[in-house]
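Trainee: Could you take me through one part of this structure slowly? I would like to see how a single piece sits among its surroundings.

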Amino acid sequence: MLGFSSTISRKYLMAITGLFLCLFLVIHLLGNFQLLLPEDEAQLQYNAYSAFLSGNILVKIIAYVLYISIILHSIDAIYLSFKSRKSKKTRYRYDARKRASKWYSRQMMLLGVILFAFLVIHFYDFWYPFKFGELTLDQQGNKDLYQLVIASFQNIGYVAWYSVAILALFFHLLHGFFSAFRSLGLYHPYYAQIIKLIGVIFSLLICIGYLGIPIYIFISR
Amino acid sequence: MPMKLQLKIWRQKNSDDLGKFNTYELKDLNPAMSFLEMLDTLNLQLIKNKEEPVEFDHDCREGICGQCGVMINGIAHGKPKNITTCQLHLREFKDGDTIVIEPFRAKAFPVLKDLKVDRSAFDTLIASGGYIGVETGQAPEANTTPIPQEIAEQAFDAAACIGCGACVATCKNESAALFVGAKISHLAALPQGKAEREKRVLNMVNRMDELKFGHCTNTGACQVECPQDISVLHIAKLNYEYLRAKLKK
Amino acid sequence: MAKFIAAKIPEGPLEKKWQNYKDQAKLVSPNNRKKLEVIVIGTGLSGASAAASLAEMGYQVKSFCFQDSPRRAHSVAAQGGVNAMKNYKNDGDSVQRMFFDTLKGGDFRAREANTYRLAQCSAALIDQAVAQGVPFAREYSGYLSNRSFGGVQVSRTFYARGQTGQQLLLGAYQALLRQQAKGKVKIFNRHEMLELVCENNTAKGIITRNLVSGKIERQAAHAVVIASGGFGKIYYLSTLAMGCNASAIWRAHKKGALMANPSWTQFHPTSLPQSGSYQSKLTLMSESLRNDGRIWVPKNKKDARNPNEIPESDRDYYLERKYPSYGNLAPRDIASRAAKEQIDNGFGVGELKNAVYLDFAKAIKDLGKTTIQKRYGNLFDMYEKITGINAFKEPMKISPSAHFSMGGLWVDYDLQTSIAGLFAIGEANFSDHGANRLGANSLLQACVDGYYILPYTLQNYLATQIDKPKPAAHNQAFVDAEERVKKQLQTYLNTNGTKTPDEYHKELGKLLYDYCGLSRSRKGLTYVIKEIQKLREEFKTNLLVLGDTYQINSELEKAGRVADYFELAELMCLDALNREESCGAHFREEYQSDEGEAVRNDDDYAYTAAWEWTGNPSQPELHKEKLVFKNVSLSTRSYK
């Protein structure tokens, strides 16, 4: 790829797309918080918000950047891990190297695959019906995505799978957030420490936020 | 009190051979003995039994030359942190323990025989730019350019690398990022290294990819197993320098 | 019978000699340089710096090392520092003083002109190293820091934490690899030189063994430089790396290069004692420990108490007692010998009664643990890594250990051996240190030889080779040498006896330690020569080496090295026997004062003993190079 020939450049790409996805996670979460409003209000506002997102040209552009980010982040991950794939000759028969690093830092690919699978299902469940499906309209004439979401979150199987994915996201972020900054060259010991701390807090907040909504809905409705 | 150990050692005739583990027993070992002296003892025993001794790399036996290095129970240079294989002593093991000994493995480090591997890829990396291009006789008076103490110390922290390859052997991606990062960081910190700064990092990173070293995923394992405790932040510095050089270009 | 040999020292006053030499030395034009090939054996500080410097000038260089990378060479292990006359401290240092300190430290057994040149070239080395990126210690102001080292009264030692050798070596190594990338240097790692090839007493190349494939290779060149380091490993237990060996210089010696003062070996007083018969090396602890540590042994031989329980009144601080003014900071040779005396008399401590205590209790009490931690923290850590003992709680146990070879190939002022076209630099030659080397002078000599001297003197020789036919590896001399090497290797394999090279090496080392080590006597030397001869004969018929020559075979490598040690060991003893005086590291029991101090004999022994190989290791021929002192008056070293 243009200017991304070396593995380090590829890591920049991973970092930039990853950080963009982090930003998106925040925005998406803020939108989701509307689900926690009193029921009537929530329905109207959430549906209006969804309609706004699908109509706005700026949001559309951002959405395309988001799709591209997801695709690049995934393709790049696959490319890099194929590149470092081991031959049988270079595998240890007795391996205790795990003591030197966190499991989730070594399993970013696995966590990523879970997240990718989640995304595909997520798109299929909500994005696809919203865009192309036949949804009822709410009082304001907006597509009633709200009902679809609430219905899903009252299904224990769905909530469980959703929780697994969010936990995967938590660990993915726990490594990915600071790692992105390191890949981009943050070498100062003090700021690197701060970023590491922010990364932990960020991962926790995202995880609590995304997990809290379905669990709250499941319990309260 | 004397110790007994069982050793499972990787035996491989040459780089084409498939290799396998052989098991050996050693008795009457002194806990004050170093790990490599234990291998000496084993070899003596093997030779006396007309069996070929185990080949392993070693030289200074005081932790600075970087020539020794094997995987001991699945850990580069063994369990204690920040030491080389030659600094490991038997008192770290228990009587009756089984120790598994394997060579450092990586695509860029082919096994030559038994526990000996070819690490000349590291030399190739340095040759691709890990130097300051000053020739004998060109140097100005040393005190012309003061270097703040903390800069000199930072440079030293990076320059302390002994080139043993434990970082590559430990890394799940077989990345040489810590080795290259340490050299880039060492030379970029010093005013003397500035002239070739961009060229150096671009060349070294390209060569690193060509030599079949993997990429860095920031797991941080390399620093944990590094005998000199070289910080992973030097990898961040490498990333920074590379980005800077790319943008400048 | 002894012949006098000429050192070819240039005319003129001492301080002008080197400049005069450089002004008159022959040059080679740049377009001719690329036609001339040079072989450099060894990639330590002297070898790497010489190879890099020669390549920069435009010569084609082939660089050999037995290790897996040039960066492993044992210069890497030097801890303390490197001396240089910069006078940054404004404390009165000068070339003259540095010259005198070095000469006096060597007990007036070095060449004036060489030693002076060493001091003269020292300053430029620091400039060079800094420009290469060597991170020397600095003051807060950013200027270079210095410290003082044993045996001198000024601060002229530059250092990079406790890893000065490593950092200097990396500088030279990187310069070497830079030339490799440019195609000027070809590096042969994992290669060992097994033979020097000469035609008409002129070096034409070498025979090497590829230590991976086992292939015997012929390498021709216009000149050969030996930078293979010292041979202290002959004592088996030493501070040297396992692979350090004498084979390159010994095989050159057997081709006609003279060996000078081979018995002069420096014993380092602060290394860790042997803990068992399996032991392979004695780790060096930096000498700086003696700045705050106090050395003692119990007054009672049979005192088995824990050292902390032995009261002051039952301790003998023997260095402080015998040398009140220098105390624990007495020079290396004196401190080592005093320790040996205590151990020999049965006062040694530790399981094998082979060590003395180095105690920090008083320093910790006076200065506080934090200060000691700051000064020696890394050394204490290292001590604990090796011994498992925390030196903050218990005194260290130390003992003297073979360390540095002052002797080596005899070279003239050009660093050329008695074979034309064969040069020896760094520790491999005998050169500048006399009978005892001052701390932090070895890195200096290695660098100065490689960066600043050899490029001039080798060029002076190469200028005479331009119109000569290029040495050809297909010449008969190469064919013969290759055959000899192959035959010799096969002999080791065919012997099929019962003892390994290491076993012989240990036995030989023990003999040398006991009779040709810290102190020597006529009786002991006469005895040990016979023992060495006997052991050497046994070695020939009872050696056990398995495997073949066509693959990696460490035992085969060791066999060749030990075979050379056996011959060299006898020469060392003969040299020690010949020198009927005590000087520097060479202490003859017959020549000591009533107080047990060394007694030098300047009338009869102010010469360099240069030995010629005659084909019989027991009957070398002695040549004397008279040492002429015009600029200093010979004094007695006293550290009382």
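Mentor: Let's start with B:Gly129, which follows helix H2 of chain B and has a positive phi, near 155 degrees. Keep in mind that this is a predicted model. The helix that comes before B:Gly129 spans residues 120-127 of chain B and is mostly covered, with six of its eight residues buried. Those buried residues are B:Ala121, B:Phe122, B:Asp123, B:Leu125, B:Ile126 and B:Ala127.

What do the buried residues of H2(B) pack against? Within chain B, their partners are helix H4 (166-170), helix H5 (177-189) and helix H6 (197-210). Another partner comes from chain C, namely helix H6 (164-181) of that chain. That brings us to how the chains meet: of the two pairs of chains in contact, chains B and C share the most contacts. Chain A and chain C, on the other hand, do not touch, and their nearest C-alpha atoms are 20 Å apart.

Now let's step out to the nonpolar cores. The largest one has 215 residues, and the members touching the most others are B:Phe213, C:Phe136, C:Leu196, C:Ile226 and C:Ile234. Helix H16 (residues 554-578) of chain C gives the most to this core, with 13 residues. Take C:Phe136 as an example: leaving out residues up to four places away in sequence, its contacts include B:Ala152 from chain B, as well as C:Val82, C:Phe158 and C:Leu168. There is also a second, separate core of 37 residues, with A:Leu29, A:Leu35, A:Met108 and A:Tyr162 among its members.

Finally, look at where chain B meets chain A. The contact takes 39 residues from chain A and 50 residues from chain B. In chain A, the residues losing the most area to chain B are A:Tyr92, A:Arg99 and A:Arg182, together 20% of what that side buries. The area buried between the two chains is about 3,600 Å², and carbon and sulfur atoms give 56% of that. By class, the side of chain A that touches chain B has 13 nonpolar, 14 polar and twelve charged residues.

Conventions: Residues numbered from 1 in each chain as written. Chains lettered and ligands numbered in written order. Predicted model: local features only at pLDDT ≥ 70, side-chain atom pairs only at ≥ 80, totals over all residues. Heavy atoms only, no water. Contact = heavy atoms within 4.5 Å. Buried area = accessible area lost by both parts, 1.4 Å probe. Nonpolar A, V, L, I, M, F, W, Y, C, P; charged D, E, K, R; others polar. Core = buried A, V, L, I, M, F, W, Y, C linked by side-chain atoms within 4.5 Å. Buried < 20%, exposed > 50% of the residue type's maximum accessible area, 1.4 Å probe, protein only. Helix = DSSP H or I, 4+ residues; strand = E, 2+ residues; numbered from the N terminus.
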